Every structure is written in structure tokens, then in C-alpha cells.
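Visitor: I am new to this kind of picture and would like to learn how to read it. Could you take me through it feature by feature?

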Amino acid sequence: MSSSFAELGLSPAIVRALEEQGYTSPTPIQLQAIPAVLEGRDLLAAAQTGTGKTAGFTLPLLQRISLIDFARQNNRARIRVLILTPTRELAAQVADAFEVYGKYHKLNKALLIGGESMGDQTRVLDRGVDVLIATPGRLLDMFERGRLLLNDVKILVIDEADRMLDMGFIPDVEKIVSLVSRLRQTLFFSATMPPE
Ligand code: AMP
């Protein structure tokens, strides 16, 4: 029996954005991930690129973000959702997904990726963001310069963890995880699940 996005608990605003993309039925990873993420549960998912995993987390996150209180207290960025990806290309794809699926949502997002001007990225952070999509090295660099706070992160997404392992990013990822509050929701995606 097939199930619709609305039946998984996604809001009319999100379902409308999906319909405009021509997406009417969830993929298997979306069927499993969306209800779990909406319930606030942690997720460990073995998912290859091409299975629809990006929508599997961006769709329920959009909905959760619209429910979290985003009052900001000072001018240093307070980040509520942090998404770690191994490459700038993947970070840009995740940002595009938020753009497309979040068409009917008000959302502040920023990219923090190597190879871009530090100054421009700092200015965006100073305005405050709901969702920060980052590569691990640049994120730690900014943190160590005191340009962002990680203790308010409520949801941490680690995307393509096996590629981060291949690229030697795991020490950086572990450091970042240690800086984020333990009272958080964690979503972990990897195409393969090596013991590390
Ligand atoms: P991903 O696995 O996240 O890289 O997504 C692979 C491709 O599938 C992307 O181009 C998505 O836009 C597309 N996609 C995601 N979810 C669906 C869906 N439910 N129906 C059709 N296409 C989808």
C-alpha cells in the first residue's frame, strides 16, 4: 500500500512544495525517516545517494524548525540545526533542498564551507541562522575564532559519514559533537556502516 507525504505527517505547506516538484509518493528511506524525525527521535540510517535521503531529513526538519522557538538573544549566531557534510558540493545540494521544499516557509539558513570568503560567511552568521550547513574544518575554524555558538544546537545532522571517514574528517566531527549539547536530536546518514 502506498502512503502520501501528508499521511506521514508533513504540513500542507510542505506537501504543496513537493507537489510542485512532481513528488507525490515518498521513497522507502523517506517512509521510514520522516515520521521518526517528526517525533524527535534519533536516526541512524544506511542510505545511498539517489534514494531520496536528502528530502528524508530536510522535509521533517523544515516542519520541526517551524515549531522550535527561534528567539535570538545576542548578535553572535545561535544555531538551532547544524548539518555537517563532507564536501561543499553536498552542502550546496542540501541548501538547495531547503530552498525548494521550504518555498512556503520562512527560514534563515547559511552555508559555511571551505574556499569561500571568511568575511562574507561571518556577516551572514552574525545575522543569526536557523539552519547552518557546514563542512567540519571550516566550522571548527569559525568556532575557534569565536564567531559562532554551538551550545544551542537542538538538531545535529551528520550526512555521508562514511565519506567523512574516508576524507579524514572524523576527529573534527567528534570535536564538533563534543561541543554540541547532549540534549539534542541526532540524525546520522551513511551509505556504508564501517565499524569506526
Ligand atoms: P538524494 O538521494 O537525496 O540525493 O535524492 C535523489 C534525487 O531524488 C533528488 O534529485 C531528489 O530531488 C529526488 N527525489 C527525492 N525524493 C523524491 C520523491 N519522493 N519522488 C521523486 N523524486 C524524489
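Visitor: Which residue of strand 5 does Leu111 stand opposite?

Guide: Strands of a sheet pair through backbone hydrogen bonds, either parallel or antiparallel. In this predicted model, Leu111 stands opposite Ile133 in strand 5. Strand 4 and strand 5 (residues 131-134) run parallel and are joined by four bridges; two strands count as paired if DSSP finds at least two bridges between them. Helices (H or I, at least four residues) and strands (E, at least two) are DSSP runs, numbered from the N terminus.

Visitor: What packs on the sheet, touching strand 4 and strand 5?

Guide: Helix 4 (residues 88-101) does, and it also touches strand 3 (81-84), while its direction makes about 175° with that of strand 4. Contact means heavy atoms within 4.5 Å, and axes are lines fitted to C-alpha atoms, for helices over the stretch in contact, with angles from 0 to 180 degrees between N-to-C directions.

Visitor: What is the order of the six strands in the open sheet?

Guide: The order is 1-8-7-3-5-4, with parallel pairing. Strand 1 (43-46) and strand 4 (109-112) are the edge strands, each of which pairs on one side only, and the twist from one strand to the next averages 10°.

Visitor: How should I read two packed helices?

Guide: Two packed helices are described by the angle between their axes and the distance between the axes. The axes of helix 6 (residues 136-144) and helix 8 (residues 170-179) come within 9 Å and cross at roughly 45°, and helix 6 and helix 8 are therefore oblique to each other. Angles under 35 degrees count as roughly parallel, over 145 as roughly antiparallel, 65 to 115 as roughly perpendicular and the rest as oblique. Among the residues making the contact are Leu139, Leu140 and Phe143 of helix 6 and Val173 and Ile176 of helix 8.

Visitor: At what angle do helix 5 and helix 6 cross?

Guide: The axes of helix 5 (residues 118-127) and helix 6 cross at roughly 70° and come within 12 Å, which makes helix 5 roughly perpendicular to helix 6. Met118, Gln121, Thr122 and Leu125 in helix 5 meet Arg138, Asp141 and Met142 in helix 6.

Visitor: Where does pLDDT stay under 50?

Guide: The pLDDT, the predictor's confidence in each residue from 0 to 100, stays under 50 over residues 70-75. For the protein chain the mean is 91, and 94% of its residues reach 70 or more. Among the elements, strand 2 (residues 77-78) has the lowest mean (64) and strand 7 (residues 155-158) the highest (98).

Visitor: What conventions apply to the numbering and the values?

Guide: Residues are numbered from 1 along each chain as its sequence is written, and side-chain values use heavy atoms, leaving out hydrogens and water. Since this is a predicted model, local features need pLDDT of at least 70 and side-chain atom pairs count only at pLDDT 80 or more, whereas totals for chains, interfaces and linings use all residues.
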